Amino acid sequence: MNKSHKISAVLLLILFALTSVHLTAQTSKSKTEKFKVYGNCGMCKETIEGALKKNEGISKKRWDKNTKMLSVTFDESKLSLLQIKQKLADVGYDTDELQAKDAVYNNLPDCCKYERAKK
Ligand SMILES: [Cu+2]
């Protein structure tokens with residue numbers, strides 16, 4: 001084994017150790033929830049998923065335009081499920097728990113004006 005091989009082996013080991021620590025930390029706090037977010041199309045998907053940011057503790061998000069179900073994985077120590085729903089309401093999307101303000105909804109592009117949940 002030459003010197004550069006040794007160095008890369010050590011680096012790989014460090015990387016591996018860091019990754020496992022990171023994974024343990026993640027599983028201890030992260031939670032996955034699935035709930036309905038009213039919406040229509042691919043543009044809604046971008047807006048919905050775009051409202052949920054990694055630096056705010058959201059590690060995974062996926063909204064399905066056919067089922068309207070959002071699957072979100074987040075760090076419970078950083079934000080709550082209700083706060084996530086509030087973020088969605090802020091960009092114009094209703095959930096069964098929180099509704100977007102009419103003014104925000106009315107600002108959505110026409111293709112995104114989904115059928116709203118009954119108030
Ligand atoms: Cu849309």
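The following legends describe close-up views of a predicted model of one protein chain.

**View 1. Overall arrangement of the protein chain.** Residue numbers start from 1 along each chain as its sequence is written. In this predicted model, local features need pLDDT of at least 70 and side-chain atom pairs count only at pLDDT 80 or more, whereas totals for chains, interfaces and linings use all residues. The protein chain contains four helices and three strands, which follow one another along the sequence in the pattern α-β-α-β-β-α-α. Helices (H or I, at least four residues) and strands (E, at least two) are DSSP runs, numbered from the N terminus. The chain has 119 residues, of which 18% count as buried. A residue is termed buried if 20 or more other C-beta atoms lie within 10 Å of its own, exposed if 12 or fewer do, and partly exposed in between, with C-beta atoms placed from the backbone. Among contacts with a separation of 6 or more, 55% join residues 24 or more positions apart; a contact requires C-beta atoms, placed from the backbone, to lie within 7 Å.

**View 2. The three-stranded sheet.** The strands form an open sheet in the order β1-β3-β2, with antiparallel pairing. The edge strands, β1 (30-36) and β2, each pair on one side only. On average, neighbouring strands of this sheet are turned by 10 degrees against each other, direction ignored; axes are lines fitted to C-alpha atoms, for helices over the stretch in contact, and angles run from 0 to 180 degrees between N-to-C directions. Pairing of two strands requires that DSSP find at least two bridges between them. Seven bridges join β1 to β3, and Ser30 stands opposite Asp75 of β3. Five bridges join β2 to β3; here Lys60 has Thr73 as its bridge partner, and Lys61 lies opposite Val72.

**View 3. The two faces of strand β3.** In a regular strand the side chains alternate between the two faces of the sheet. Along β3, Leu70, Val72 and Phe74 point to one face and are buried.

**View 4. The hairpin of β2 and β3.** Five residues lie between the two strands of this hairpin. Lys68 is found in the loop between β2 and β3. The phi of Lys68 is near 65 degrees, a positive value in a residue other than glycine. Lys68 counts as partly exposed because it has 18 C-beta neighbours inside 10 Å.

**View 5. The largest nonpolar core.** A nonpolar core is a set of buried Ala, Val, Leu, Ile, Met, Phe, Trp, Tyr and Cys residues joined through C-beta atoms within 7 Å. The largest such core has 17 residues, and Val37, Ile48, Val72, Leu88 and Tyr93 touch the most other members. Two or more residues come from each of α2 (42-50), β2 (58-63), β3 (69-75) and α3.

**View 6. Surroundings of Leu88.** Leu88 belongs to helix α3 (residues 81-90). This residue counts as buried because it has 25 C-beta neighbours inside 10 Å. When residues up to four places away in sequence are left out, Leu88 touches Val37, Ile48, Ala51, Tyr93 and Thr95. Leu88 and Gly50 are 38 residues apart in sequence, with their C-alpha atoms 9.5 Å apart in space.

**View 7. The buried side of helix α3 and its end.** The buried residues of α3 are Ile84, Lys85, Leu88 and Ala89. They cover an arc of only 145 degrees around the axis and therefore lie on the same side of α3; the arc is that of the directions from the helix axis to the C-beta atoms. An α-helix has 3.6 residues a turn, so residues three or four places apart point the same way. The buried residues of α3 pack against α2 and β3. Asp90, also found in helix α3, is partly exposed, with 13 other C-beta atoms within 10 Å. Asp90 and Ala100 are ten residues apart in sequence, and their C-alpha atoms are 6.2 Å apart in space. Just after α3, Gly92 takes a positive phi of about 110 degrees.

Note on methods
Contact = placed C-beta atoms within 7 Å.
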